[in-house]
Amino acid sequence: MLQKTYENIDSIGRAILTIKAQGVHNKELAEVIYPNGQKAFAQVIALNGDQVTLQLFGGGFGVSTDCKIRFLGKPIQVGFSDDMLGRVYSGNGQPIDGGPELLSDRVRVAGPSINPVKRLIPKDMIRTGVPMIDVFNTLVRSQKIPIFAKAGEPYNRLLANIATQTDADVIIIGGVGLKYDEYHYFRQRIEEAGSKNKTIMFIHTHRDSIVEGLMVPDLALAVAEQFALQGKNVFVLLSDMTQWSDYLRQVANAQDQIPANQGYPGDLYSQLASRYEKAADIEGAGSLTILGVTTMDDVTHPVPDNTGYITEGQFFMKDGYLELFGSLSRLKQQVNDRTRPDHRSIMNAMARLLSEAEERVKAQKFGSVKDDYSLRLLAYRQTFQRELMDPFRYLELEDALDLCWDILAQHFKKEEVGLSSTMMEEYWPKKGEYKVLKVLADE
Amino acid sequence: MQKAKGNVTSVNESLVGVQATDGAIMNGEVAYITIEDGKRLKAEVIDVKEGDNAYLQVFEDTSWMKVGDPVEFTGLPLAVKLGPGILGSVTDGLQNPLYELGKIEWFLERGLEVAPLDTVQKWHFTPKVKPGDEVTGGSVLGSVPEKLFEHKIFVPFTLQGNYTVEHIAVAGEYTVDEPIATVTDSTGKKMELKMAFEWPVKKPMPFNERSVPVKPMPTGIRILDALFPIAQGGTACCPGPFGAGKTVLQHSLAKHSEADVVIIAACGERAGEAVEVFKDFPELIDPRTGKSLMDRTYIVGNTSSMPVAAREASVYMATTVGEYYRKQGLNVLILADSTSRWAQALRETSGRKEEIPGPEAFPMYISTLISAFYDRAGVEILADGQTGSLSIIGTVSPAGGNFDEPVTQATLLSTGAFWGLSRALSDARKYPAIDRIDSNSKYPSLLEENEVAYLLELLRDGKTIASNIILMGEKGITDESYIRYQKAELLDAVFLQQNSFHEVDGVTHPQRLRQMFTMVKQIIDAPVYIQGKEKIRSHFNFLRQAFLDWNYMRPDEEGFEKQKTTLLNLVKQRGHVAENV
C-alpha cells in the first residue's frame with residue numbers, strides 16, 4: 001500500500017499530535033520520523049476533515065514541528081508464533097530481552113468479540129491450593145477476575161503463584177506501570193517455577209510512555225486469543241489495570257473529552273469490558289482466563305467499581321490476607337456442586353457465622369459483648385483468619401473442607417450452625433478428633 | 001422523501017459526521033457507510049446540523065473508515081421485524097440472530113447482517129377473514145402455531161384507515177416472506193401483506209385501551225411475592241452494587257416468573273451470563289407448560305464488548321417485541337439488565353457530540369428517556385376483549401453502589417416497585433439481598449394487606465432491637481425484646497431468605513407461600529415462656545433448623561407432613577413445657 005508522508009504538524013501534546021493529511025484511515029498505524037532519522041510509532045484516533053489526531057507511542061516529549069509523519073497503511077498488529085514463548089516484549093511489540101526480533105505471522109489487535117454462541121458455559125474448576133479461593137470463591141477456567149488490593153499488598157506474588165501452581169498451557173503476563181523490581185520478580189518467579197518456556201511477557205514499566213502501557217493488555221490478549229483458538233488453555237495476568245485506567249484518563253483528557261467520574265472518560269466501563277470480555281471458554285477450542293490486579297484504596301473508586309460490574313467477581317486482599325467479605329467468584333456455583341457434597345453447605349455456613357462474628361466485633365467496641373455465644377463467635381473469627389485466610393498457605397480442597405468442619409466443631413454446637421441434619425451426621429467431627437486443625441495450647 | 005447520499009467528514013469512535021448531498025435527511029433514519037474493504041456499516045442519524053450535515057452513531061467498530069467514504073441513507077427509522085419465529089431465538093442488539101452469524105464467523109465481524117426471522121421455516125397458517133371483510137391496522141388475518149400458543153397474524157399496525165380484504169391465503173404452509181393477503185384501501189389501491197412486518201423501535205405501539213396493573217405476577221421469590229410484589233404490566237427498579245446478587249435474581253426471575261413470554265435484554269453486561277441462559281434454558285423443562293423453558297424466551301444480547309452504539313437499540317428492540325406479544329394477548333416480562341449501560345452509552349455519545357453535560361456527565365434528557373421507556377409497560381385490553389400485559393424489571397448499576405445518582409433516581413420516579421439490593425445483606429449471605437426495610441412496592445401482594453403490614457412491623461422491630469443489642473449487649477435488653485428479635489431473625493432466615501440454587505427452595509409457588517406464611521405466623525404468634533437469652537436462642541435455633549429442613553422438602557415427598565408436624569410440635573411443646581415450669 002502507498003505510504004504517505006506529511007510534515008505540517010499542527011500541535012504536539014503530552015501524548016497527542018495533530019496534523020493535516022488526506023486519505024488517512026481511522027486507527028491507522030503511523031510513524032513519527034525525527035529530523036535525525038529516528039522513528040516512533042503513533043496511531044490515528046480521530047479524523048475531522050483534513051485534521052488527523054494521533055496518539056504517540058513514545059509520548060510528545062522531543063517531538064518537533066519539523067518531524068514527519070508517515071502513515072503506514074495498516075492497522076496495529078502483533079506477531080504470533082510458538083517461538084514467542086519464553087520471550088519478553090514491550091508495549092509496542094518489540095522484544096526487550098536482548099533476543100532477536102521474530103519474523104512471524106501478524107494478527108489483529110483489539111478485534112471484535114467472540115460470538116456468544118461460540119462460548120461454552122464454564123465448567124472446569126481450577127485448583128489453586130489457596131483455601132480462600134478453592135473453598136469460598138472457586139476459580140473456574142475462562143473466568144475473568146481481578147485481585148482488589150491497596151498498592152503494596154503482595155498481589156503480584158499471589159498472581160504469580162496461581163499462574164504457576166495451576167495447569168495452564170500458556171501464561172501471558174501483561175505488566176502495565178510496573179516498577180522495575182516487580183518486572184524482575186515476575187521473571188524470576190516464572191523461571192524458578194520452571195514455567196519460562198510456556199510464558200510470554202508484555203511489559204510496560206514506569207520509564208516507558210503511557211501509550212505503550214495502554215497497548216499492553218491488547219497485545220497480551222490478542223496473542224492469548226490465538227493460543228486459545230489453537231486449543232490451549234491460556235492464563236493472562238494483567239497487573240495493574242488501575243494504572244492502565246489512569247493512562248486512559250490522561251489520553252482522554254488530552255483530547256478534551258468531557259470527564260464522567262473523577263476525571264475518567266465516560267467510556268471507562270466499555271474500555272475495561274472490551275479487554276476483560278476476551279476471557280472465554282471457546283467451543284471446539286481452548287480457553288482464556290484472566291487474572292488481573294486492580295489497586296485501590298476504596299472499592300467505590302471508579303476503577304474497581306466499573307471493574308466489579310465487568311469481571312466475574314474479585315479477590316479482595318487486605319493486610320496480607322484474602323478476605324471473605326468483599327471477595328466473590330461468580331462462577332463458583334458452576335463447579336462447587338461437583339467437588340464434594342458438603343462444599344456449598346459448609347461454605348455458606350462458615351460465611352454466615354463469620355458475618356455474625358463481624359457484627360460482634362462492632363459491638364465489642366462498645367464493650368457490650370459478654371455472653372458466651374458472642375465470645376465463641378469472636379474466637380471462631382480468630383481461628384478462621386489464622387487457619388484459612390493466608391493466601392500463601394497451600395491446602396488441597398478436600399483438606400481445606402475438612403479444616404472448615406474442624407473449626408466449626410471447635411467453636412459451635414450442631415444446632416448453631418444452620419446445616420441440614422443429614423449433612424452433619426456425615427461430616428461433623430467427633431469430639432476432639434480433628435482431621436486437619438491443630439488446636440493451639442491456649443484455646 | 002428522496003433518500004439522501006453523502007460522504008464522511010469526521011470520525012470520532014462511534015460518532016461520524018456526514019455531509020449529505022441530494023435528498024432530505026431525517027433524524028433517526030438508518031444509513032449505511034461503505035468502508036474501503038466494501039463492508040457496509042449500519043448507523044443511525046442522531047443529529048442534523050446546518051441543513052446538510054448529519055451526525056451518525058455507527059453500530060459497529062469504525063476502524064479503517066476515512067474522510068470521504070460514501071454514505072447511503074435509507075429514509076427509514078431503525079425498526080424491528082415482528083412475526084412468528086421470535087420466541088426461542090437469540091439475537092444481537094440489531095436483531096441479527098446470533099446462531100446464524102455463528103455459522104459465518106467465530107467472531108462478531110462487522111458489516112454482517114442476517115435476516116432477523118427465519119425465511120425458510122414454514123408456518124401453518126389458518127385464515128380468520130374472508131374476501132370482502134373490512135380490516136384495519138391491528139386486525140387479525142389469521143394465526144399460526146408458534147411454540148406454546150397461537151400466534152395471531154395482524155394487519156401491520158402501521159396501516160391507518162380501512163381496507164377491504166381482496167384475497168386471503170387458504171390454510172397451509174407459508175414462510176414469513178410469502179404474501180398471505182391482498183387488501184385494498186378506499187381509493188382502490190392494492191397492497192400485499194405478509195406474516196411479518198416492521199415497526200420502528202423508538203415509537204411506542206399505541207394501546208388499544210390501557211388499563212392499570214393490579215393482578216400480581218408471582219415470581220417464585222418469596223420476599224418479592226410477599227412483601228415487594230410486581231403486578232402484570234407493572235414496572236420494577238432493581239439497583240444494586242456489584243456482587244449483591246442482581247444476576248442470580250435476574251436468572252431466577254427469568255426461570256420462575258409466571259409470564260407467558262420472557263424477554264431478556266442483556267444490555268452491556270457480561271456475555272457469559274446471556275450464554276448461561278441460552279445454553280441452559282433449552283434443557284430446562286418449564287413445569288407450567290411441560291415444554292422447554294427456551295420456548296417462552298427471547299434474548300437480545302448487546303453484551304459489554306459489543307459495539308456501544310447498539311446498546312440503546314437493544315433495549316428498545318426488546319420493548320417493541322414485548323409490545324407485539326402483548327398485542328397477542330399474552331403476559332410478557334422484560335428483564336432489562338442493565339439500564340445503566342444504556343444510559344452510559346448515551347453519555348458516551350452525548351460527550352462526543354459535545355453536549356453540555358448534566359449530573360455525572362449524563363445528558364440532561366436522561367430522565368425523560370428513562371420515564372418514557374418504563375411507560376411502554378402496562379396492561380392492554382385488546383379489541384377482542386382479551387387482556388395482554390407488558391411488565392418491565394430494570395436493573396440499575398449505580399456507580400459505587402450509591403443510589404443517589406441520576407439513573408437510579410430517574411428510574412425510581414418511573415417504576416412501581418423498588419428492590420434495593422444491599423451489599424451488607426449479601427456479605428451476610430442473606431439472599432436474595434433485597435433490603436427488607438427500604439424496598440417497597442405499590443402493587444398488591446399474594447398475601448393480604450394486613451399480613452404484609454404484620455411482617456414489615458416485625459422486621460422493623462427486629463432491626464431496632466438488633467441495634468440496641470450492638471450498643472448495650474444482650475444483657476442490656478429484656479427477654480421479651482430478645483424474643484421479638486429472635487422472631488424477626490427467624491422470619492428472615494426461613495421465609496425471606498431463599499436458596500435460588502436449590503431445586504425445591506429455589507422457587508415457591510403461591511400455594512406453598514401461603515402454607516409457609518401460615519407456619520411462620522403460628523411461630524410468631526406463639527407465646528414463648530422460656531427465660532434467659534441462651535435458652536431463647538437455642539429454642540429458635542431448633543425451630544430454624546426444623547423449618548429449613550422442611551423448606552428443602554417437596555410437598556409430595558415422604559416426610560413432608562411429618563416434618564411439618566415436628567415443627568408444629570416444637571412450637572407447642574417448647575411453649576407448653578415452659579408454661580408448666
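For residues 115-202 of chain B, UniProt lists the feature "domain: ATPsynthase alpha/beta subunit barrel-sandwich", from an unreviewed entry; UniProt positions are given here in the numbering of this text, feature names are shortened, and annotations may be inferred rather than shown by experiment. In the predicted model, this span is 0% helix and 51% strand, and its end C-alpha atoms lie 20 Å apart. Helices (H or I, at least four residues) and strands (E, at least two) are DSSP runs, numbered from the N terminus. The model is predicted, with local features needing pLDDT of at least 70 and side-chain atom pairs counting only at pLDDT 80 or more, while totals for chains, interfaces and linings use all residues. Residues are numbered from 1 along each chain as its sequence is written, and chains are lettered from A and ligands numbered from 1 in the order in which they are written.

Chain B also holds an open sheet of four strands, ordered β10-β13-β15-β16 with antiparallel pairing. Two strands are said to pair if DSSP finds at least two bridges between them. β10 (134-135) and β16 (190-194) of chain B are the edge strands, each pairing on one side only. Strand β15 (residues 179-185) of chain B runs antiparallel to β16(B), and five bridges join them. Opposite B:Thr184 stands B:Lys190 in β16(B).

Strand β5 (residues 53-58) of chain B pairs with β2(B) in the antiparallel sense over five bridges. In this pairing, B:Tyr55 in β5(B) is the bridge partner of B:Gly17. B:Gly17 in β2(B) is also the bridge partner of B:Ser10. Seven bridges join β1(B) and β2(B), which run antiparallel, and the two strands form a hairpin with two residues between them. In the turn, B:Glu13 has a positive phi of about 50°. Five of the seven residues of strand β2 (residues 15-21) of chain B are buried, so the strand is mostly covered. A residue counts as buried if 20 or more other C-beta atoms lie within 10 Å of its own, exposed if 12 or fewer, and partly exposed in between, with C-beta atoms placed from the backbone.

How does chain B meet chain A, and how many residues are in contact? On the chain B side there are 69 residues in contact with 63 residues of chain A, where contact means that the C-beta atoms of two residues, placed from the backbone, lie within 7 Å. The elements of chain B that each supply at least two residues to this side are β1 (5-12), α1 (98-104), α4 (271-280), α6 (339-352), α10 (449-472) and α13 (533-551). With 10 residues, α13(B) gives the most. By class, the side of chain B that touches chain A has 27 nonpolar, 23 polar and 19 charged residues; Ala, Val, Leu, Ile, Met, Phe, Trp, Tyr, Cys and Pro count as nonpolar, Asp, Glu, Lys and Arg as charged, and the others, Gly among them, as polar. Strand pairing also links the two chains: strand β5 (residues 39-48) of chain A and β1(B) pair in the antiparallel sense over two bridges. There, A:Leu47 stands opposite B:Val11 in β1(B).

A:Ile310 counts as buried because it has 22 C-beta neighbours inside 10 Å. Leaving aside neighbours within four places in sequence, A:Ile310 is in contact with A:Tyr269, A:Leu272, A:Ala273, A:Tyr276 and B:Ser304. A:Ala273 is 37 residues away along the chain, yet the two C-alpha atoms are separated by 5.9 Å.

Chain A as a whole has 12 helices and 21 strands, and its C-alpha trace spans about 85 × 50 × 40 Å along its principal axes. Of its 443 residues, 51% are buried. Chain A is divided into domain 1 (4-75), domain 2 (78-335) and domain 3 (343-427), with bounds that come from an automatic or database domain assignment. The C-alpha centres of domain 1 and domain 3 of chain A lie 61 Å apart.
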